[in-house]
Amino acid sequence: MPTYRDEAVVLRTHKLGEADRIITLLSRRHGKVRAVARGVRRTSSRFGARLEPFSHVDLQFAAGRTLDVITEAVTLHPWSEPLCTDYPRYTVGQVMLETADRLVSIENEPSLQQYQLLAGALHALVVGTSDGPRPATLIMDSYLLRAVATAGFAPSLDSCASCGVGGPHQAFSPSAGGLVCVRCRPPGTPQVRPETLQLLSALISGDWPGTRDADEATRNQASGLIAAFVAWHLERGLRTIEHVAR
């Protein structure tokens, strides 16, 4: 059987038969891949522990008729170890994995930007951002905004999402696509603090120094807006976000 190599992040696993698993991965060159790992549920497995969710691995695959088979796994970053022993970071990481799984819906199509965003977010969750440590939920919110923007659903943060008139505007409507002016504002649309808008702009651009001074109230409002925006564009809410400790 022909073989190929790729590096990937493990998104989820499912049992198959008595000793195997189906591993769902987001890979650098092949996008989302589902592959069989033979015998990984046996205690004698050579690489079962390397194929847990969050693991960043270099893999060799053998092409199969329906599912490819993982024949070799080398750990690049053991992110599963620190995340699985820290509940707040674990729940945030699960939100990231679910989001990547939902946004990359077609298998075996390259999705390099989504792969890089996920790997970078998990790395920041474990070792900190380029500007030092940040709350796990803030890293999650930055990832969510950037992931949906990469998928084509970037929120409008400068002009009205409905009519296009330039801002600044003070209302944010997830269904409209971001900030809306007074004329286009749907009933019940919440007002957004200026500090929250600044934080949203920093999060979507990956400007970590710009998030240093965000207080808890600002982070909470931004987080609520982001969760609502992502839920709207994914057509249903993220199941795992309900478990995130805030």
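Here, buried means under 20% relative accessible area, exposed means over 50%, and partly exposed lies in between (1.4 Å probe, protein chains only). This is a predicted model, in which local features need pLDDT of at least 70 and side-chain atom pairs count only at pLDDT 80 or more, while totals for chains, interfaces and linings use all residues. Residues are numbered from 1 along each chain as its sequence is written, and side-chain values use heavy atoms, with hydrogens and water left out.

**View 1. The whole chain, for orientation.** Six helices and seven strands make up the elements of the chain; helices (H or I, at least four residues) and strands (E, at least two) are DSSP runs, numbered from the N terminus. Starting at the N terminus, their order is β-β-β-β-β-α-α-α-α-β-β-α-α. The C-alpha trace spans about 60 × 35 × 25 Å along its principal axes. Of the 246 residues, 49% are buried.

**View 2. Arg-5 meets Glu-72.** Let's zoom in on a salt bridge, that is, a side-chain nitrogen of Lys or Arg within 4 Å of a carboxyl oxygen of Asp or Glu. The side chains of Arg-5 and Glu-72 form one, at 3.5 Å from N to O. This pair links distant parts of the chain, with Arg-5 in strand β1 (residues 3–16) and Glu-72 in strand β5 (residues 68–77), 67 residues apart. Arg-5 is partly exposed, at 31% relative accessibility, and Glu-72 is partly exposed too, with a relative accessible area of 33%.

View 3. Glu-7 sits in strand β1 and Arg-28 in the loop between β2 (20–27) and β3 (31–37), so distant parts of the chain, 21 residues apart, are linked. With a relative accessible area of 29%, Arg-28 counts as partly exposed.

**View 4. Arg-193 meets Asp-215.** Here the side chains of Arg-193 and Asp-215 meet in a salt bridge of 3.9 Å, N to O. Because Arg-193 lies in the loop between β7 (178–180) and α5 (194–205), and Asp-215 in the loop between α5 and α6 (216–233), the pair ties together parts that are 22 residues apart in sequence. Arg-193 is partly exposed at 29% relative accessible area, and Asp-215 is partly exposed at 36%.

View 5. A search of the whole structure finds 14 salt bridges.
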